[in-house]
Amino acid sequence: MVRRSKADAEQTRSAILDAAEHQFYQYGVSRTTLAHIASAAGVTRGAIYWHFDNKADLFNAMLDRIRLPFRQMLSELQSANDLSALAQIKDVMHRALVIVQQDPQYHRVLTVVFHRCEYVDELNPAVQQQEQLNQEVQDTLTLAFARALENGELNPAIEPRVAAAAMNSLVGGLISKFLQHPGYIDLIEQAQALLDTLFLGIKKPD
């Protein structure tokens, strides 16, 4: 019975998160109330407060469903593998771009983050979490590019933190533009060429 209750609670929590994701995507964060989410999930507002403190907590939990897999992907850059450092960076960033087009959940949640969200006071905790992830991306890329510099792969005239900022900006900008105008670019077909363009400018000259 206890095991069943835990399963029911997790199912309810997932249903609330699914409803929030779709409501935020369709109507925007500021226009979506907990009453709207409860109705869409088929639960009471009390059920929402059982699982989440407020809308910011719910919003943050929704983001975690894509942030956690991305953090796992990002962690690959924290240690060397069989690939060169630059090839490793390119591989992770390529997967990060492609998944936005391939995975509907990533597409919806990132659309909310980039284009359906007003960063007002009620969402400050979630915004801080997102800024923390952005800083993790920057720091991890900087370390990976520093490894590339040590390996003689990175142009010595380019500082690792500058290369990291350029990569972070390129990927973030491409994701934002794609989500706003899906016909602008095909990330699955063109992500590799777009990344190659940046790497041509930062790799060590032959």
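Predicted model: local features only at pLDDT ≥ 70, side-chain atom pairs only at ≥ 80, totals over all residues.
Visitor: What pattern does the protein chain follow along the sequence?

Guide: The pattern is α-α-α-α-α-α-α-α-α, from nine helices and zero strands. Both kinds of element are DSSP runs numbered from the N terminus (helices: H or I, at least four residues; strands: E, at least two). The C-alpha trace of the chain spans about 65 × 40 × 30 Å along its principal axes.

Visitor: Why are H5 and H8 called roughly parallel?

Guide: Helix H5 covers residues 85-102 and helix H8 residues 160-180; they pack at an angle of about 15°, with axes 10 Å apart. These axes are lines fitted to C-alpha atoms over the stretch in contact, and the angle, on a scale from 0 to 180 degrees, is taken between N-to-C directions. The value falls under the parallel limit, and H5 and H8 are therefore roughly parallel.

Visitor: What makes the contact between H5 and H8?

Guide: H5 contributes Ile-89, Met-93, Leu-97, Val-100 and Gln-101, and H8 contributes Met-167, Val-171, Leu-174, Ile-175, Phe-178 and Leu-179; contact means heavy atoms within 4.5 Å. By class, this contact has 10 nonpolar, one polar and no charged residues. Ala, Val, Leu, Ile, Met, Phe, Trp, Tyr, Cys and Pro count as nonpolar, Asp, Glu, Lys and Arg as charged, and the others, Gly among them, as polar.

Visitor: Why are H8 and H9 called roughly antiparallel?

Guide: Their axes come within 11 Å and cross at roughly 155°. That angle lies over the antiparallel limit, and H8 and H9 are therefore roughly antiparallel. Ala-166, Met-167, Leu-170, Val-171, Leu-174 and Phe-178 of H8 meet Leu-187, Leu-194, Leu-195, Leu-198 and Phe-199 of H9. This contact has 11 nonpolar residues, with no polar and no charged ones.

Visitor: At what angle do the axes of H5 and H9 cross?

Guide: H5 and helix H9 (residues 187-202) cross at roughly 150°, and their axes come within 9 Å. Among the contact residues are Lys-90 and His-94 of H5 and Asp-196 and Phe-199 of H9. The contact divides into 11 nonpolar, four polar and two charged residues.

Visitor: What makes Lys-90 a charge that sits over the ring of Phe-199?

Guide: A charge sits over a ring if NZ of Lys or CZ of Arg is within 6 Å of the ring centre and within 35 degrees of the ring normal. The charged end of Lys-90 is 5.0 Å from the ring centre of Phe-199 and sits over that ring. Lys-177 likewise lies over the face of Tyr-184, at 5.3 Å from the ring centre.

Methods:
Residues numbered from 1 in each chain as written. Heavy atoms only, no water. Parallel < 35°, antiparallel > 145°, perpendicular 65-115°, else oblique.
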